Amino acid sequence: GTRSSLAPLRAVTGPVTYLGMAVEASGYIYVLGYDSSGRAPSDYFLDVYEPYGAWLCRTTGVAAASIAVDRWRNVYSANWERLEANGRTEPSVSQWTPSAP
């Protein structure tokens, strides 16, 4: 069959804002975004797609500004966190390690 460089993203019912996309060495595609206003951590999600574009899974609560994925499928995110010590919002980095397939 014919291969395409386009793949549809998971169907959604409301407004979605996409923040980032990363592809790891095996071709799995990671898409970061949020539903609604993006004001609550529960609005955020990280979708994972198979190398040929089929949706695989979603993790909610990934409140991040951007992502990167390494060859072992560890996901790194750039965040903004409010520090209680000084009350300011500061940049931070988080890492998610995937479970074994």
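Me: In what order do the 4 strands of the open sheet stand?
Reply: In this predicted model, 4 strands form an open sheet. The pairing within the sheet is antiparallel. The order of the strands is β1-β2-β3-β4.

Me: Which strands are the edge strands of this sheet?
Reply: An edge strand of this sheet pairs on one side only. That description applies to two strands, residues 16-23 and residues 55-60. The edge strands are therefore β1 and β4.

Me: By how many degrees are neighbouring strands of this sheet turned against each other on average?
Reply: The angle is an average over neighbouring strands of the sheet, and direction is ignored. The value is 20°.

Me: How many bridges join β1 to β2?
Reply: Strands β1 and β2 run antiparallel. Within this pairing, Val23 stands opposite Ile29 in β2. The number of bridges that join β1 to β2 is 7.

Me: Which residue takes a positive phi in the hairpin of β1 and β2?
Reply: The hairpin has 5 residues between its strands.

Me: Over how many bridges do β2 and β3 pair?
Reply: Strand β2 covers residues 29-35, and its pairing with β3 is in the antiparallel sense. Here Tyr30 stands opposite Val48 in β3. The number of bridges between β2 and β3 is 6.

Me: Is Asp47 buried or exposed?
Reply: Asp47 is found in strand β3, which spans residues 44-49. Its relative accessibility is 2%, and a residue under 20% counts as buried. Asp47 is therefore buried.

Me: Which residues does Asp47 touch, not counting residues up to four places away in sequence?
Reply: The side chain of Asp47 makes a polar contact of 3.5 Å with the side chain of Trp55. Another polar contact, of 2.6 Å, joins the side chains of Asp47 and Arg58. The residues touched by Asp47 are Arg10, Ile29, Tyr30, Val31, Trp55, Cys57 and Arg58.

Me: Why does the pair of Arg58 and Asp47 tie together parts that are apart in sequence?
Reply: Side chains of opposite charge can pair when their charged atoms come close. The side chains of Arg58 and Asp47 meet in a salt bridge of 2.6 Å, N to O. Arg58 lies in strand β4 and Asp47 in strand β3, so the parts tied together are 11 residues apart in sequence.

Me: How many salt bridges are found in a search of the whole structure?
Reply: One of the salt bridges joins the side chains of Arg58 and Asp47. The side chains of Glu24 and Arg73 also meet in a salt bridge, at 3.3 Å, N to O. The search of the whole structure finds 2.

Me: How many residues apart are Glu24 and Arg73?
Reply: Glu24 is buried at a relative accessible area of 4%, whereas Arg73 is partly exposed at 23%. Glu24 is in the loop between β1 and β2, and Arg73 is in the loop between β5 and β6. This pair links distant parts of the chain, and the separation is 49 residues.

Me: With which side chain does the side chain of Tyr76 make a polar contact?
Reply: Tyr76 is found in strand β6, residues 75-82, and is partly exposed, with a relative accessible area of 30%. Leaving aside neighbours within four places in sequence, Tyr76 is in contact with residues including Ser66, Ile67 and Ser94. The polar contact, at 3.1 Å, is with the side chain of Asp70.

Me: Is Ser92 buried or exposed?
Reply: Ser92 lies in strand β7, residues 89-96. Not counting residues up to four places away in sequence, Ser92 touches Ser77, Ala78, Asn79 and Glu81. Its relative accessible area is 17%, so Ser92 is buried.

Me: In which strand is confidence highest?
Reply: The mean pLDDT of the chain is 85, and 92% of its residues reach 70 or more. Confidence is lowest in β7, at a mean of 83. It is highest, at 96, in strand β5.

Note on methods:
Residues are numbered from 1 along each chain as its sequence is written. This is a predicted model: local features need pLDDT of at least 70, side-chain atom pairs count only at pLDDT 80 or more; totals for chains, interfaces and linings use all residues. Side-chain values use heavy atoms; hydrogens and water are left out. Buried means under 20% relative accessible area, exposed over 50%, partly exposed in between (1.4 Å probe, protein chains only). A polar contact is a pair of N or O atoms within 3.5 Å; within protein, one must be able to donate a hydrogen and the other to accept it, and residues adjacent in sequence count only if both atoms are side-chain atoms. Contact means heavy atoms within 4.5 Å. Axes are lines fitted to C-alpha atoms, for helices over the stretch in contact, and angles run from 0 to 180 degrees between N-to-C directions. pLDDT is the predictor's confidence in each residue, from 0 to 100. A salt bridge is a side-chain nitrogen of Lys or Arg within 4 Å of a carboxyl oxygen of Asp or Glu.
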